[in-house]
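Colleague: Hi! Could you walk me through this model, side chains and sulfur links included?

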Amino acid sequence: TKCESGCVCADGLYENLDGRCVPAEECPCEYGGLAYRRGEQIQTECEICTCRKGKWKCVQKTRCSSSCNLYGEGHITTFDGQRFVFDGNCEYILATDGCSVNRPISSFKIVTENVICGKSGVTCSRSISIYLGNLTIILRDETFAISGENPGVQYKVKKNALHLMFDIIIPGRYNMTLIWNKHMNFFIKISRETQETICGLCGNYNGNMKDDFETRSKYVASNELEFVNSWKENPLCGDVYFVVDPCSKNPYRKAWAEKTCSIINSHVFSACHNKVNRMPYYEACVRDSCGCDIGGDCQCMCDAIAVYAMACLEKGICIDWRTPEFC
């Protein structure tokens, strides 16, 4: 309808991100704010995507895995990506199978025991129990103990400076990698070979985030506290009725918490900012740093930052953030 001055690409050519006109075959693809050339690939847990003519062409992997993260003072990200915070001084089932009415027999169960670690009442995950039939692995006090045996389960224990890692195979059913930082962070990565349903605080792992608050009684809870209370391992524990906000309880710690956790928002992590949303990790860091008020405050803060660094690493971004003066 009106003339505009400027340049356009000739017929059959398209402008790329450098402002040059190129044929469709050479168009770049975008992901997370970064440009990828023709033929370049990115991988997610379940897909391999290749750049073709400016569009991603994705192929499902034969084996698909997903992770559930429990970190800090009760932050959980479920297998399907739902996030929530819970405080409770009890044992809770993180993940187990045998949830369907048709198959009520469980081949594994992972339980977290929470211990109060701040005057404001916040809890930290301190002890993890892994039950595999007659084989039991207990993670506690920066070490682990194994008792019993189960010839139907294969497992390997690996250690590095920061983590204990357990590779567990239940043939024909699950491949699991469990990673514990010997403090408050615990990650469950599961690749399953069956359509078996999973349940617990880590959600039902059905690809739908919206129904993750499924209680032990098989209905979707109206709030996360009702959901959390349903997964108590010991029915004698009291129910949790509210979630503590440590920064309101300890306002004198808030400025320090915001200042130290701001490394997540800083240039140190800039390469990761467009790959992994940093705000939930920053908010979790501030909350935990306010809450750890009877020792271990720097440990709480460093653990929270390490979770963001790990999420970046899963997207292929390695951040060298620790220094002799910081964590």
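Modeller: Happy to. Let me begin with the side chains of Asp167 and Thr177, which are joined by a polar contact of 3.1 Å. A polar contact here is a pair of N or O atoms within 3.5 Å; within protein, one must be able to donate a hydrogen and the other to accept it, and residues adjacent in sequence count only if both atoms are side-chain atoms.

Colleague: Before we go on, what kind of model is this, and how are things numbered and counted?

Modeller: This is a predicted model, where local features need pLDDT of at least 70, side-chain atom pairs count only at pLDDT 80 or more, and totals for chains, interfaces and linings use all residues. Residues are numbered from 1 along each chain as its sequence is written, and side-chain values use heavy atoms, with hydrogens and water left out.

Colleague: Where is Asp167 found?

Modeller: Asp167 is in strand E17. Helices (H or I, at least four residues) and strands (E, at least two) are DSSP runs, numbered from the N terminus.

Colleague: Which elements have the lowest and the highest mean pLDDT?

Modeller: Strand E4 (residues 34-36) has the lowest, 79, and strand E17 (residues 164-170) the highest, 95. The chain averages 86, and 94% of the residues score at least 70. pLDDT is the predictor's confidence in each residue, from 0 to 100.

Colleague: Switching to sulfur: how many disulfides are there?

Modeller: The count comes to 10 disulfides, taking a disulfide as a pair of cysteine sulfur atoms within 2.5 Å. One of them joins Cys68 to Cys202, S to S 2.0 Å. The link of Cys68 and Cys202 is left-handed, with -75° about the S-S bond. This pair links distant parts of the chain, 134 residues apart: Cys68 is in strand E8 (residues 65-71), and Cys202 is in the loop between strand E20 (198-199) and helix H1 (224-230).

Colleague: Are Cys68 and Cys202 buried or exposed?

Modeller: Both Cys68 and Cys202 are buried. Buried means under 20% relative accessible area, exposed over 50%, partly exposed in between (1.4 Å probe, protein chains only).

Colleague: Which link is right-handed?

Modeller: The link of Cys247 and Cys290 is right-handed, with 90° about the S-S bond.

Colleague: Why is the disulfide of Cys302 and Cys327 left-handed?

Modeller: Because the torsion about its S-S bond is about -90°. Cys302 lies in helix H6 (residues 297-314) and Cys327 in the segment after H6, so the pair ties together parts 25 residues apart in sequence. Cys302 counts as buried at 9% relative accessibility, while Cys327 is partly exposed at 32%.

Colleague: What about Cys27?

Modeller: Cys27 is in no disulfide; the nearest cysteine sulfur, that of Cys29, is 8.4 Å away. Cys27 is buried, with a relative accessible area of 11%.
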